[in-house]
Amino acid sequence: MEEGQQILRQVERAREDSQAADELIRAYLPFIKAETARFLHRPPVEGHDDELSIAMIAFHEAIQGYSRLRGAFLRYAAVLIRNRLIDYRRREQRHWQVISLDAAEGEEAATLGERLADEKDQHQELSEREATRAEIAELSRQMQEFGVTLGDVADNCPRQERTLEACRRALRRAVETPGVLEEFLRTRRLPMARLAEGAAERKTLERHRRYLVALLLIHTNGYEMIRGHIRQVLKGGTAK
């Protein structure tokens, strides 16, 4: 507990003092390297792997964007590092596709570009699957603080479009109404009256309380991979 309080004090000081931020990054460089290694599936090499630099920048971003409402700092930093590394991988892939690699290396052989693109696609797919699994595990741990499990969410998921639309509107209200998400994280309770404000749908939302808990947590804590899947479900909703 004391260790957790110590890092919170360090983060608060680092937010106001650039030198303190540099010291905190140096102190937690093993943590940053470990998160980068988890993404690369090997230890990063300083001065060679751009991913390590991206992870260090993400850690600094976590310092600047952290609040106690987000839970444990290192957990928040780990999610942010992973998300920034995924973003970097996607940008690199788009850049790679621009380069012309269309010359075949032999008769009836696949082009170099086709073979490299296939290898890169497989590597990205593996990375994204593992990132999604890690996010699901983290979300599951966080939902436990709200008394909700992944099984609860699956059982509580809306089955009808009308109900899904009600949940979609509730998410929009949570995002667009100042203070709602902060109240939710602080109290560990859904502000149901505010979510249903101006609509006769509170009973519908009450029946899907556990599903809404998951939706709001996903939106507030940077689960980029899961939010990508949610966009497919909540088409037209706010899942950005």
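Guide: Let us begin with Arg169, which has its place in helix α8. The model before us is a predicted one. Is Arg169 buried, partly exposed or exposed? Its relative accessibility is 30%. Because buried requires a value under 20% and exposed a value over 50%, Arg169 counts as partly exposed. Along the chain, Arg169 and Leu195 are 26 residues apart, yet the distance between their C-alpha atoms is 8.2 Å.

Helix α8 runs over residues 161-176, and Thr163 is another residue that lies in this helix. The relative accessible area of Thr163 is 11%; since this is under the limit of 20%, Thr163 is buried. Which residues does Thr163 touch, if its neighbours within four places in sequence are left aside? They are Pro158, Thr204 and His208.

We may now turn to the cysteines. How many disulfides does a search of the whole structure find? The number is zero. Cys157 illustrates this: the nearest cysteine sulfur belongs to Cys167 and is 8.3 Å away, and Cys157 is in no disulfide. A disulfide calls for two cysteine sulfur atoms within 2.5 Å, so the separation of 8.3 Å rules out such a pair here. Cys157, at 28% relative accessibility, counts as partly exposed, whereas Cys167 is buried, with a relative accessible area of 0%.

For another part of the chain, consider a pair of helices. Helix α2 covers residues 18-27 and helix α4 covers residues 50-65; their axes come within 10 Å and cross at roughly 125°. How is this angle to be classed? It makes α2 oblique to α4, because roughly perpendicular ends at 115 degrees and roughly antiparallel begins over 145. The crossing of the two helices is right-handed.

Which residues form the meeting of α2 and α4? From α2 come Ala21, Leu24 and Ile25, and from α4 come Met56, Phe59, His60 and Ile63. Sorted by class, this contact has six nonpolar residues, one polar residue and no charged residues.

Conventions: Residues numbered from 1 in each chain as written. Predicted model: local features only at pLDDT ≥ 70, side-chain atom pairs only at ≥ 80, totals over all residues. Heavy atoms only, no water. Helix = DSSP H or I, 4+ residues; strand = E, 2+ residues; numbered from the N terminus. Buried < 20%, exposed > 50% of the residue type's maximum accessible area, 1.4 Å probe, protein only. Contact = heavy atoms within 4.5 Å. Axes fitted to C-alpha atoms, helices over the stretch in contact; angles between N-to-C directions. Parallel < 35°, antiparallel > 145°, perpendicular 65-115°, else oblique. Left-handed = near helix turned anticlockwise from the far one by under 90°. Nonpolar A, V, L, I, M, F, W, Y, C, P; charged D, E, K, R; others polar.
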